[in-house]
Each structure stands twice: as C-alpha cells, then as structure tokens.
Amino acid sequence: MAHPSKGIQRLFAPWRGFLWQLFVITILPLTVLTVVIAFGSLTVHQHAMRTLVGERDERAVRTAAAALEEQLQHRQDALLGLAMLAENASPDEFTQLLANSDYLLDDFDAGLALLTLEGSLHSYTGDQQLWESLAEQGKPVIGGR
C-alpha cells in the first residue's frame, strides 16, 4: 500500500481539525447568511422609505393644489358677485360699486374695471393708463393681474 507523501498530508492536515470544520460548517455559513440578511433588510428598508417619501410628496402636492383651487374659486366667486351687482346697477352706480369692492383690490394688482359688452370703459379702479389702453384696443378684460 502506498502512503501519501508527508507534504500532501501537511497540506490537508489542518483542514481535518475540529476548529476548521466548526468554522467551515457553522460559522462561515452563518456569517454569510447574516450579511445577506443585513443587506437584504437595508434594501427593503430603502425601498419602503422611498415609497413613503413619494406618498408624502404626493399628498403635499394634492393639498397645495386643493388650496390653490380654493383660492381661485374664492376669487372667481367674488368677481361673479361683483358682475351680478353691476348687472343690476345703473351706470351712475358703477363707481360706487367698485369703491365698495375695495376688498378685491389686494387680489388684483392693476385694479378692477367695468366695461360694456362692446369693450368701452365704464368705470375702473387702479391704473388709469392700463384700463384706457385696454379699452382702446377692444380687448375684453374682466380684472387685472
């Protein structure tokens, strides 16, 4: 029977020890499993956080859009009320009607104007040159901004 050479025995001898087998069979796989679980958990966590941030941003945008829509609706209702008052008022009352609507001036930088259906200027508040030039051009303008 041939005996293996001593050099080969020395090469494989350390791997036959109990500590090496314990390391290779239990500790190394558990270490690899722990690292895989840690990186997997980190990936899942990052994905969940990105999703939560996206949902939060979407809610913030929807809330801002709803607030903007509400403000525009308020301005539209105020102008509609002014138009209804002007419809029932005589031309002599237009100046007083606009003076009573000064609460709208904060929303309209250039002021307000009442024009006829043909586009001629009846009464205005704010920038006189602007309203007269727009009336001369015949553009139908309800409010300035």
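This is a predicted model: local features need pLDDT of at least 70, side-chain atom pairs count only at pLDDT 80 or more; totals for chains, interfaces and linings use all residues.

Student: OK, where does Tyr-103 lie, then?

Tutor: Tyr-103 belongs to the loop between helix H3 and strand E1, the latter spanning 113-115. With a relative accessible area of 53%, Tyr-103 is exposed, given that exposed means over 50%, buried under 20% and partly exposed in between, using a 1.4 Å probe and protein chains only.

Student: Which residues make up the largest nonpolar core?

Tutor: That core has 11 residues, namely Ala-78, Leu-82, Ala-86, Ala-89, Phe-94, Leu-97, Leu-98, Leu-104, Phe-108, Leu-112 and Leu-114. At least two residues of this core come from H2, and at least two from helix H3 (94-100). A nonpolar core is a set of buried Ala, Val, Leu, Ile, Met, Phe, Trp, Tyr and Cys residues joined through side-chain atoms within 4.5 Å.

Student: Say I pick Leu-82 from that list; what does Leu-82 touch?

Tutor: If residues up to four places away in sequence are not counted, Leu-82 touches Leu-97, Leu-98, Ser-101, Leu-104 and Leu-112, where contact means heavy atoms within 4.5 Å. Leu-82 is part of helix H2 and is buried, its relative accessible area being 6%. Leu-82 and Leu-104 are 22 residues apart in sequence, and their C-alpha atoms are 9.7 Å apart in space.

Student: Ser-101 turned up there. Is Ser-101 buried or exposed?

Tutor: Ser-101 counts as buried, because its relative accessibility is 4%. Its place is in the loop between H3 and E1, and, residues up to four places away in sequence again being left out, Ser-101 touches Leu-82 and Leu-112.

Student: What is Ala-86 in contact with?

Tutor: Setting aside neighbours within four places in sequence, Ala-86 is in contact with Phe-94, Leu-97 and Leu-114.

Student: Switching topic: how many salt bridges are there?

Tutor: A salt bridge is a side-chain nitrogen of Lys or Arg within 4 Å of a carboxyl oxygen of Asp or Glu, and by this rule the count comes to three. One of them joins the side chains of Arg-75 and Asp-107, at 3.1 Å from N to O. Arg-75 lies in helix H2 and Asp-107 in the loop between H3 and E1, so this pair ties together parts that are 32 residues apart in sequence. Asp-107 is buried, at a relative accessible area of 14%, whereas Arg-75, at 24%, counts as partly exposed.

Student: And how far apart in helix H2 are Arg-62 and Glu-58?

Tutor: Arg-62 and Glu-58 are four residues apart, which means about one helical turn separates them, and their side chains meet in a salt bridge at 2.9 Å, N to O. Arg-62 is exposed at 58% relative accessible area, while Glu-58 counts as partly exposed at 41%. Another salt bridge links Arg-56 with Asp-57, whose closest N and O atoms are 3.3 Å apart.

Student: Last one: which residues of helix H4 are buried?

Tutor: In H4, residues 128-137, the buried ones are Trp-131, Leu-134 and Ala-135. Viewed down the axis of H4, these buried residues fall within an arc of 100 degrees, so they line one face of the helix; the arc is that of the directions from the helix axis to the C-beta atoms. On the other side of H4, Gln-129 and Glu-136 are exposed.

Student: What covers that buried face?

Tutor: The cover over the buried residues of H4 includes E1 and strand E2 (121-124).

Note on methods: Residues are numbered from 1 along each chain as its sequence is written. Side-chain values use heavy atoms; hydrogens and water are left out.
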